[in-house]
Amino acid sequence: MQYLTTTEMAEKWNISRRRVAELCRNERIDGAILKGKTWLIPSNVTKPEDPRKNHN
């Protein structure tokens, strides 16, 4: 399995690195693991829905 860093996922999903790290901390990204100070995220995972946005 290939893993990406928060920086790489932020570019892929067009959101900030801080937001990706927050999603990892809150266990919103399946399979994300903390290695030292770096989050490793499976490259094939989908971006979680943002509950702050209204999806009518």
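This report walks through a predicted model, from its overall fold down to single residues.

## Ground rules

Because this is a predicted model, local features need pLDDT of at least 70 and side-chain atom pairs count only at pLDDT 80 or more, while totals for chains, interfaces and linings use all residues. Residues are numbered from 1 along each chain as its sequence is written, and side-chain values use heavy atoms, with hydrogens and water left out.

## The overall fold

The protein has two helices and three strands, and along the sequence they come in the order β-α-α-β-β. Helices here are DSSP runs of H or I with at least four residues, strands are E runs of at least two, and both are numbered from the N terminus.

How does the radius of gyration fit a compact globule? For 56 residues such a globule would sit near 10 Å, and the protein comes in at 11 Å, which agrees. That radius is taken over C-alpha atoms, and the globule rule is 2.2 Å times the number of residues to the power 0.38. Along the principal axes, the C-alpha atoms fill a box of roughly 40 × 20 × 20 Å.

## Inside and outside

Of the 56 residues, 32% count as buried. Buried means under 20% relative accessible area, exposed means over 50%, and partly exposed lies in between (1.4 Å probe, protein chains only). The protein exposes about 4,400 Å², and carbon and sulfur atoms supply 45% of that. Accessible areas come from the Shrake-Rupley method with a 1.4 Å probe; for residues, only the protein chains shown count as cover.

As for contacts (heavy atoms within 4.5 Å), take the ones with a separation of 6 or more: residues 24 or more positions apart account for 44% of them.

## Helix α1 and its buried side

Helix α1 covers residues 6–13, and its buried residues are T6, M9, A10 and W13. They span an arc of only 105° around the axis, so they sit on the same side of α1. The arc is that of the directions from the helix axis to the C-beta atoms. What do the buried residues of α1 pack against? Their partners are β1 (3–4), α2 (17–25) and β3 (38–42).

T6 is worth a look by itself. This α1 residue counts as buried at 15% relative accessibility. Not counting residues up to four places away in sequence, T6 touches R17, V20, A21, W39 and I41.

Most residues other than glycine have a negative phi. N14 has a positive phi of about 60° although it is not a glycine. This residue comes just after α1, in the loop between α1 and α2, and at 71% relative accessibility N14 counts as exposed.

E27 also has a positive phi of about 60° without being a glycine. Its place is the loop between α2 and β2, and with 68% relative accessibility E27 is exposed.

E22 and R25 are three residues apart in helix α2, so about one helical turn separates them. E22 is partly exposed at a relative accessible area of 30%, and R25 is partly exposed at 47%.

## A nonpolar surface patch

M1, Y3 and I33 form a nonpolar patch on the surface, with about 330 Å² of accessible area together. Patches take residues with over 30% relative accessible area and no salt bridge, joining like charges within 9 Å and nonpolar side chains (Val, Leu, Ile, Met, Phe, Trp, Tyr) within 5 Å. I33 belongs to strand β2 (residues 33–35) and is partly exposed, with a relative accessible area of 40%.

## Links across the sequence

S43 lies in the segment after β3. S43 and Y3 are 40 residues apart in sequence, yet 5.2 Å apart in space, C-alpha to C-alpha. Leaving aside neighbours within four places in sequence, S43 is in contact with Q2, Y3, L4 and K12.

D30 is in the loop between α2 and β2 and counts as exposed at 62% relative accessibility. Not counting residues up to four places away in sequence, D30 touches P42 and V45.

Definitions and conventions:
A salt bridge is a side-chain nitrogen of Lys or Arg within 4 Å of a carboxyl oxygen of Asp or Glu.
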